[in-house]
Amino acid sequence: MKVTIGKRELDMGSKYLTELRSSNDILNDIEAMRARLAADGYLLIRGFHDRERVLSARMDFLRKLQAMGRLDPTAPLEEGRISEDNKGGMWGGSAEDLQADFPHFLDVVNHPSVMNFFDRLLDGKSMTYDFKWPRAIAHGGNTGAHYDVVYMGRGTKNVYTMWTPFGDTPLEMGTLAMCLGSQHYDKLKQTYGKMDVDRDNVATGWFSEDPVEIVDTYGGQWATTAFEAGDAIIFGMYMMHTSLNNSTNRFRISSDTRYQLALEPVDERWVGRKPIGHYAWGQKPMKSVADARKEWGV
């Protein structure tokens, strides 16, 4: 099967792209889970969330898209078919901001089962950032390859992203892809990985939009999979990731949420009743990624 990431077409099962590995086989062995997270850089857990809870949240998102005029009015609401203007939705905000429109979303990502999992994984009381990042990706949309640390690296580096798809999500809808081994790209971690988008004002914050360049230059291999409602993938701040292009006429609805030990330092931009978020990024002319990479020597 061929998939597209940015302008590149990749073959599943090639040197550039393989299948993500499920960790359900070790779900009841927390030490094995920690070891796999360290070795693989991610944990893919099938059925991590209650499926019906996820599908209820999906309907909240679809109703919002409908109210925004973003859905095809001739198609059933539950299909999430994109209207002719092909505009997506980005709803990043605090839990308080999101509660009115998306109450079922918060029931998923803040659920006691999620927090209990992170308590066990991190061996202590965990917390989640108040700021959440739900989004609906339209046709042709994708995300360039990046480390999350460049957006939220002011506290502990032991922060974990949970990516949750809200609905069954085949590859052609634009699934998330991990770059296997990228948590060990020491040159990138010491250069690009020390960037702060609010301080350094680098456009997009993405390292590259070319998945082939990353593998050819730094090694590793991209990995993705089809997701079902209820699945989740968890990974650290130095796991390079991207997304496949959404090549369908339906929205890919997903969210990024963050978790860490409550006792460790936290990035102040993303917590509190009204998190400040990216307060400086884009407020003045931005440096291109190409220019920043020249300075970093990568």
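A contact here means heavy atoms within 4.5 Å. Among contacts in the protein chain between residues at least 6 apart in sequence, 81% join residues at least 24 apart. The model is predicted: local features need pLDDT of at least 70, side-chain atom pairs count only at pLDDT 80 or more, and totals for chains, interfaces and linings use all residues. Residues are numbered from 1 along each chain as its sequence is written, and side-chain values use heavy atoms, with hydrogens and water left out.

**Overall fold**
- The protein chain has nine helices and 14 strands, taken as DSSP runs numbered from the N terminus (helices H or I, at least four residues; strands E, at least two).
- The C-alpha trace spans about 50 × 45 × 45 Å along its principal axes.

**Burial and surface**
- Of the 298 residues in the protein chain, 54% are buried, that is, under 20% relative accessible area with a 1.4 Å probe, protein chains only.

**Helix H2**
- Helix H2 (residues 51-67) has 17 residues and reaches 25 Å from its first C-alpha to its last, close to the 24 Å expected (1.5 Å times one less than its number of residues).
- Buried residues in H2 are Val54, Ala57, Arg58, Asp60, Phe61, Leu62 and Leu65.
- Their cover includes helix H4 (103-109) and the strands S8 (131-137), S9 (160-165) and S14 (252-261).

Conventions:
Buried < 20%, exposed > 50% of the residue type's maximum accessible area, 1.4 Å probe, protein only.
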